[in-house]
Each structure stands twice: as structure tokens, then as C-alpha cells.
Amino acid sequence: MSRKIYLNGKIVEEKEALISVFDHGYLYGDGIFEGIRAYNGRVFKLDQHIERLFKSAKTIMLKMELGPEEIKEAILKTIRANQLEDAYIRVVISRGVGDLGLDPRKCETPTVVIIASKIELYDPALYEKGLKVKTVPTRRNGPEMVNPRIKSLNYLNNIMARIEANLVDAPEAIMLNQQGYVAECTGDNIFIIEGNNLYTPPSYAGLLKGIKREVAMDIGRDLKLNVREVLFTRYDLFNADECFLTGTAAEVIPVVEVDGRQIGEGKPGSYTKQIIEKFREIACKTGTPIYE
Ligand code: PMP
């Protein structure tokens, strides 16, 4: 079935959703995006995604032609046009059409694209078995460069890491920051559990502050875990009782091996299983209704 795409205010057929080769999103990766999920007829954490989108826009000085409410409405309209109840939604806003120079002042109007489709990042069996991940040589860029908190169209840092993971047959890569602390994965945030402590690296380690990261921290607090944002190393990872990743596409997925070291008992730990279960419960029940 041909997907219906939102392009600059109109819903068009997929084959008509075309963008200029002079768009600076294409020429320079000059733009921002969001990945959002809908479950069971509701968009999960829509306000949080919109807030992050506007923060990314402000940071790169991208003028938003639409306000938060208008973007929300456009997202809902795109999902409805595709008659979806469960979806992966991609909002992409680029600097727009300019000339061949870098100067963004030449780009008059941002290009706005919304895609509502499906996604299955990992084989469902891996949520039961857990992932075996590897650390890769490419370091996460630090906050003093293009801050990873900006969800920008410049994903080459992560793609390099992803290529390195592919070379060693790993489903996801752990990226360290320049000081050697664990930062995050190519498209997911990372957590470890030690006793009743739930640790995740702080944003100054160099990472995207994931919306699902916040959800996992909230669930951790509900489970009476002591939730802390702290720097940790591969040593801490190897010796953790449990480890899991979070992300909009991945949701919450257990990690059972890092760089050949078994984590805990080599199977998803009991807190991780509880967090996955709680996450699914919350995701199905809460969110912005699509069809009301
Ligand atoms: N880190 C990176 C680099 C990401 O691209 C993503 C999103 N796929 C995440 C973390 C997780 O963020 P969220 O929970 O908001 O999807």
C-alpha cells in the first residue's frame, strides 16, 4: 500500500513526496528530526517529543513556521491519513532549499516532512533472549561539538559506529565519550543495574536525552530503585547485574553480553523484565488519542 506523506502542509502520495536536491537537509544534513511511536490508537509522549523538537530547532536557529500545536495536529492528520493505530512516526524538518554554499540565510523556508509507518527494529525473540552488544572505536561527539542533545540530521557519527558494529556482527554498538566513559548506543540509551541502583549516563557524557530514557527512569523509581545519572566505564558495564537499552524504536530491550563478557546470569534480569512489562503497560494505555 502506498503511504501518505505530509509534505509542507499537504498530504501527498509517497511517490509524490519529493524534495529538492538543493535542500540543505540533503546537501549538509542541516535539519532536525523526531522519531515517535503510536500504540493502540494513541501517540506516546507526543508533548515530550514536540518539546525536544523545538529545543533542537532553537539550538540550531531553525525558524519553525508551525507552532507546537500545529505540528501535533499535522502528526495526527498524517497517522489518520494512513489509517494506523500502531505506528512509527518520523518528523523531519530541514533548513529548506538554498544554494550550494553553507549559509543557512539563503534557505527561506524549512521543509517539513511527516512519515507515519511501521517499524520493527529487533527480532521479537531478542526481547526474551537479550542482545549481545559490542563497544566500537568511534567515540560519541561531545556536547561542545554538535551537541548530541540536538536530534539533528547529522547522524554520521552514529552511522560510523553502526558500520563498526556490523563489521563484528553486533546488533547495536556501545559508544564511549572522549574520556572513555560510556555515553550511549547508536540509536538507544543505556542503563545498568547494580543491586537496587539504576544507573544511566548523564547528558553531559554526550548523548541524546531519550524520551524512553525518562520513562525507564520513572518506572525505576516506581520499582523503588535508586535512580541516578552517573558516569560509568566498561568495567562497570561488564560487572553490572543487569543492563538494558531504551529508545523509541527499540523500546526497552535487555543486554546479556558486552564485549564477550556475560552480564549477570547471561539472561534478562528480573528488574529489566519488570521494566519491560511496565513500559508495555504504560505505552498501551497512555498518550494522545488519534481518532477522537
Ligand atoms: N540515542 C540516540 C542517538 C537516538 O537516536 C535515540 C533515538 N532513536 C535515542 C538515544 C533514544 O531516544 P528516544 O527514547 O527519545 O527515542
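Me: Which residues line the largest cavity?

Reply: Rolling a probe the size of a water molecule over the atoms shows where empty space is left. On a 1 Å grid over the protein atoms alone, a cavity is a set of points where a 1.4 Å probe fits but cannot get out, and lining residues have an atom within 4 Å of a point. Here the lining consists of D241, E242, C243, P254, V255, V256, I263, G264, K267, P268, G269 and T272. The model is predicted: local features need pLDDT of at least 70, side-chain atom pairs count only at pLDDT 80 or more, and totals for chains, interfaces and linings use all residues. Residues are numbered from 1 along each chain as its sequence is written, and side-chain values use heavy atoms, with hydrogens and water left out.

Me: Which element gives the largest share of the lining of the largest cavity?

Reply: Helices (H or I, at least four residues) and strands (E, at least two) are DSSP runs, numbered from the N terminus. β14 gives the largest share, three residues. The elements that give two or more residues to this lining are β13 and β14 (251–258).

Me: What volume does the largest pocket have?

Reply: A pocket is an open set of grid points with protein on both sides within 12 Å along at least five of seven lines. Points are joined across faces, edges and corners, and a volume is the space filled by probe spheres set on them. The largest pocket holds about 570 Å³, and the largest cavity about 40 Å³. Of the 31 residues lining the pocket, K151, Y155, T186, G187 and D188 lie nearest its centre.

Me: Where does the ligand sit?

Reply: A molecule sits in a pocket if more than half of its atoms lie within 2 Å of the pocket's grid points. The ligand sits in the largest pocket.
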